[in-house]
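The sequence and structure come first.

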Amino acid sequence: MIATRIPGPATRAEPARKSANLAASLAALALGTTLVAGPALAQTEVNVGFALAATSHYGVAGEKWKEVVDAGTDGRYSLTLHPSSALGGERDVIEGLQIGTIEATIVSSGTLSSFVPEVGVFDIPFLFRDLNHARAVLDGPIGEAMLAKFEDQGLVALAWGEQGFRHITNNRNAIATPADVKGLKIRTMENPVHITAFQTLGAAPTPMAWPEVIVGLQQGTIDGQENPLSVITSAHLSETQKYLTLSGHVYSPAMILVSKMFWDGLTPEDQEVFRKGAIEAKAAMRAFVDAAETNGEAQLKSEGMEITKLSDEQKAAFREALKPAYAEYAKKYGQDLIDQIIATK
Ligand code: PAF
């Protein structure tokens, strides 16, 4: 069987995907190309942008998603991964999805609450007991209901991934008590829940998009940042940061998101393949996070970081200092929902 594959657009795909494919097929016919009926007459490139390196948990998830989609659609769709913020910061990429200039992304909860405010409830400090608790909530009815809310924003949320629990790194001092973060110029995500928490602790939170963070740390415009071990290891933060505090102050979910404009152009069968791939990508991301949580501390110590691990009592002191912030969160998200999350087994 001879099957001619017509390459899709080289860079960002336009929203009118179906007509683009039709136009490409007609162009090929006009050039005298023989198209013999077969499963793969044209290939559509699906651009997936994300902030971290190809070797990170996002990269591993992207590769798994690509493998499932490429195989499950016989190559009619092919994912092109754009790691290391190559398509812009997380907010830029999500906006790209909304207007159909980028097809898909894997993102943190950093700016998600700018699109669906309710999702910020998952960013509340010390809300989740451990990874199993967080996964049970996100995979259960509360997490599913949040995913569904993205459709109204021109986005299709296929699955919750994750990054792990966030910890603080900085170049100023070791942190063991809330007093140790006073005045600390700490980069936070552009996330109101995180900003409120660090303000309440008396730090000087500086919201910033990820692509600016490494330079900020190198130049000393910020003292520190906070991210899970999966990020601290894969982004080589030991090269720019001396102190690591294993605070686990907040769980960091991630999301596999697709442009609704792109999604609506897929057949139900192809949508199912993308969805199945996203679920497998989520599992790959979680396996990476599990490994980072197990090995990250030893790795970062061997790379020269000075590590402080907060005890349960020390964490309780941070919770106590955050009391005014908890009152704000309860007003914003509803104590009922917070209690339902806490009660999830
Ligand atoms: O800190 C952030 O902005 C996010 O955790 C990151 C590193 C971009 C991964 O999504």
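## Basis

This is a predicted model, in which local features need pLDDT of at least 70 and side-chain atom pairs count only at pLDDT 80 or more, while totals for chains, interfaces and linings use all residues. Residues are numbered from 1 along each chain as its sequence is written, and side-chain values use heavy atoms, with hydrogens and water left out.

## Largest cavity

A cavity is a set of points, on a 1 Å grid over the protein atoms alone, where a 1.4 Å probe fits but cannot get out; lining residues have an atom within 4 Å of a point. Grid points are joined across faces, edges and corners, and a volume is the space filled by probe spheres set on the points. Three cavities of 30 Å³ or more are found by this rule.

The largest cavity has a volume of about 170 Å³. It is lined by 19 residues, and Glu90, Ser108, Arg187, Met189 and Trp210 are the closest to its centre. Helix H3 (90–99) and strand S4 (155–170) each give at least two residues to this lining; helices (H or I, at least four residues) and strands (E, at least two) are DSSP runs numbered from the N terminus. The lining holds eight nonpolar, six polar and five charged residues. Here Ala, Val, Leu, Ile, Met, Phe, Trp, Tyr, Cys and Pro count as nonpolar, Asp, Glu, Lys and Arg as charged, and the others, Gly among them, as polar.

## Ligand

The ligand sits in the largest cavity, meaning that more than half of its atoms lie within 2 Å of the cavity's grid points. Residues around the ligand (a heavy atom within 4 Å) include Ala51, Tyr58, Arg166 and Asn227. By class, this shell has six nonpolar, three polar and three charged residues.

Which side chain has a polar atom 2.6 Å from an oxygen atom of the ligand? That side chain belongs to arginine 187. For glutamate 90, the distance from a side-chain N or O atom to a ligand oxygen is 2.7 Å, and for glutamine 163 it is 2.9 Å. Taken alone, the ligand exposes 290 Å², and the protein buries 99% of that, with areas from the Shrake-Rupley method and a 1.4 Å probe.

## Second largest cavity

The second largest cavity contains about 100 Å³ of space. Its lining has 14 residues, with Pro125, Phe198, Leu201, His249 and Leu322 nearest the centre. Helix H7 (192–200) and strand S8 (243–259) each give two or more residues to it. The lining divides into 10 nonpolar, three polar and one charged.

## Largest pocket

A pocket is an open set of points with protein on both sides within 12 Å along at least five of seven lines. The largest pocket has about 500 Å³ of space. Among its 21 lining residues, Phe165, His167, Gly248, Glu293 and Lys315 lie nearest its centre.

Terms used:
A polar contact is a pair of N or O atoms within 3.5 Å; within protein, one must be able to donate a hydrogen and the other to accept it, and residues adjacent in sequence count only if both atoms are side-chain atoms.
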